[in-house]
Amino acid sequence: MNTKPPAMPKAIAILGSTGSIGRNVLAVVRQYPGRFKVAGLAAGDNLALLKEQIEEFGPELVSLADPARAAELAQALPAAGRTRIVAGPSG
């Protein structure tokens, strides 16, 4: 009988989540449900894909380089969401 408690999911942040490597990492995360938790995403300009990723993985934090694009993303997401959006060098 296994008496070990289930392991907590490993929290990860994915830089470049809308690029080819980021999309592949998220594919691996999908293959291991419960093993990983996407805590943060950082992306460039593909807001449509980033919005889908936010809706699927529910990260706590999302960062974009361009503050105007971050504002645009914030408008596209539900106001009740728990994802915090940051932008610029400090983001």
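Predicted model: local features only at pLDDT ≥ 70, side-chain atom pairs only at ≥ 80, totals over all residues.

User: How far apart in space are Ala87 and Tyr32, C-alpha to C-alpha?
Analyst: Leaving out residues up to four places away in sequence, Ala87 touches Leu64, Ala65, Asp66, Pro67 and Ala70, where a contact means heavy atoms within 4.5 Å. Tyr32 is 55 residues from Ala87 in sequence, and the C-alpha distance between the two is 30 Å.

User: Which pattern of helices and strands does the protein chain follow along the sequence?
Analyst: The protein chain holds three helices and four strands, and its C-alpha atoms fill a box of roughly 55 × 30 × 25 Å along the principal axes. Read along the sequence, these elements give the pattern β-α-β-α-β-α-β.

User: What share of the 91 residues in the protein chain is buried?
Analyst: Among contacts between residues at least 6 apart in sequence, 44% join residues at least 24 apart. Of the 91 residues in the protein chain, the buried share is 31%.

User: Is Ser17 buried or exposed?
Analyst: Ser17 sits in the loop between β1 (10-15) and α1 (20-31). Apart from residues up to four places away in sequence, Ser17 touches Gly22, Arg23, Leu26, Leu41, Ala42, Ala43, Leu50 and Gln53. Because its relative accessible area is 0%, Ser17 is buried.

User: Which residue has a side chain joined to that of Ser17 by a polar contact of 2.7 Å?
Analyst: A polar contact is a pair of N or O atoms within 3.5 Å; within protein, one must be able to donate a hydrogen and the other to accept it, and residues adjacent in sequence count only if both atoms are side-chain atoms. At 2.7 Å, the side chain of Ser17 makes such a contact with the side chain of Gln53.

User: Within what arc do the buried residues of α2 fall, seen down the axis of the helix?
Analyst: The buried residues of α2 (residues 47-57) are Leu47, Leu50, Gln53, Ile54 and Phe57. They line one face of the helix, because the directions from the axis to their C-beta atoms stay within a limited arc. They pack against α1, β2 (36-43), β3 (61-64) and α3 (67-76). Seen down the axis of α2, the buried residues fall within an arc of 115°.

User: What is the volume of the largest pocket?
Analyst: A pocket is an open set of points on a 1 Å grid over the protein atoms alone where a 1.4 Å probe fits, with protein on both sides within 12 Å along at least five of seven lines, and lining residues have an atom within 4 Å of a point. The lining of the largest pocket includes Ile54, Glu55, Gly58, Pro78 and Thr83. Grid points are joined across faces, edges and corners, and the space filled by probe spheres set on them comes, for the largest pocket, to about 190 Å³.

User: Which residue has the backbone oxygen that the side chain of Thr83 reaches at 2.7 Å?
Analyst: Thr83 is placed in the loop between α3 and β4 (84-87), and it counts as buried because its relative accessibility is 19%. Among the residues that Thr83 touches, beyond those up to four places away in sequence, are Ile54, Gly58 and Leu61. The backbone oxygen that the side chain of Thr83 reaches at 2.7 Å is that of Pro59.

User: How far apart in space are Pro78 and Glu55, C-alpha to C-alpha?
Analyst: Pro78 also lies in the loop between α3 and β4, and Pro78 counts as exposed because its relative accessibility is 58%. Both Pro78 and Glu55 line the largest pocket. They are 23 residues apart in sequence, with a C-alpha distance of 9.7 Å.

Technical notes. Residues numbered from 1 in each chain as written. Heavy atoms only, no water. Helix = DSSP H or I, 4+ residues; strand = E, 2+ residues; numbered from the N terminus. Buried < 20%, exposed > 50% of the residue type's maximum accessible area, 1.4 Å probe, protein only.
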